[in-house]
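Colleague: I'm new to this one. Could you walk me through how to read it?

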Amino acid sequence: MTIDDYSIVTMTYEVRDGGPSGTLLERMDVNYPFKFMFGTGRMLPAWERRVFGLKSGMGFSFQLAPDDAYGQRDDVHILEAPITIFQNEREQIEPGLLERGQYLTLTDANGKAVNAKVVDWNDKTVTLDANHALAGKTLFFSGAILNVRKPTVDELVRKQYIEEGGVRR
């Protein structure tokens, strides 16, 4: 069976920064393979185009430029927030709340969760970077397709892979 919309795919992969010898960013191996329903809009469109039509046992390797992956870094996503939103009623910052490089989950005006990295702060403001952590990076993917199967009825209804035994991911 080949990878097509709504097929359940089990694969291994590595993602590296910049090319095949770049820094390893993520790995899913045969002990912890990546299992997902293909074609539901949850994966990068350019990534899906590269693995569409592959079969069990086939390997793959390809590179995605930033514009095909998580986009370019954009200064519009550098945010300044008043430090008061990070303080308790005694105007103190909770220990460990603000650490450079730490990611926080914020809620935008529409109620959507946004991850932002703490860049810096002073006594009035906190500088946050809400660019995707992989924005601006060229990503190199390599791996192998372990299995492709048709979805169960429950998986089709939910438009997601369901772990054996009913645990949903």
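Modeller: Let's start with contact, which means heavy atoms within 4.5 Å. Setting aside neighbours within four places in sequence, Arg16 is in contact with residues including Gly22, Leu25, Thr138 and Phe140. This is a predicted model, where local features need pLDDT of at least 70 and side-chain atom pairs count only at pLDDT 80 or more, while totals for chains, interfaces and linings use all residues. Residues are numbered from 1 along each chain as its sequence is written, and side-chain values use heavy atoms, leaving out hydrogens and water.

Colleague: Is Arg16 buried or exposed?

Modeller: Buried means under 20% relative accessible area, exposed over 50%, and partly exposed in between (1.4 Å probe, protein chains only). Arg16 has 18%, so it counts as buried. Its side chain also reaches the backbone oxygen of Gly22 at 2.9 Å.

Colleague: Which residues have the most contacts inside the largest nonpolar core?

Modeller: A nonpolar core is a set of buried Ala, Val, Leu, Ile, Met, Phe, Trp, Tyr and Cys residues joined through side-chain atoms within 4.5 Å. Here the largest has 22 residues, and Met11 and Trp47 have the most contacts inside it. Apart from that core lies another, of 10 residues, among them Ala81 and Leu98. As for Trp47, the residues it touches include Met11, Phe34 and Phe141, not counting those up to four places away in sequence.

Colleague: And in what order do the 4 strands of the open sheet come?

Modeller: Strands are DSSP runs (E, at least two residues), numbered from the N terminus, and two of them pair if DSSP finds at least two bridges between them. The order is S5-S8-S7-S6, with antiparallel pairing. S5 (78-82) and S6 (103-107) are the edge strands, each pairing on one side only.

How values were computed:
Polar contact = N/O pair within 3.5 Å; in protein donor to acceptor, adjacent residues only side chain to side chain.
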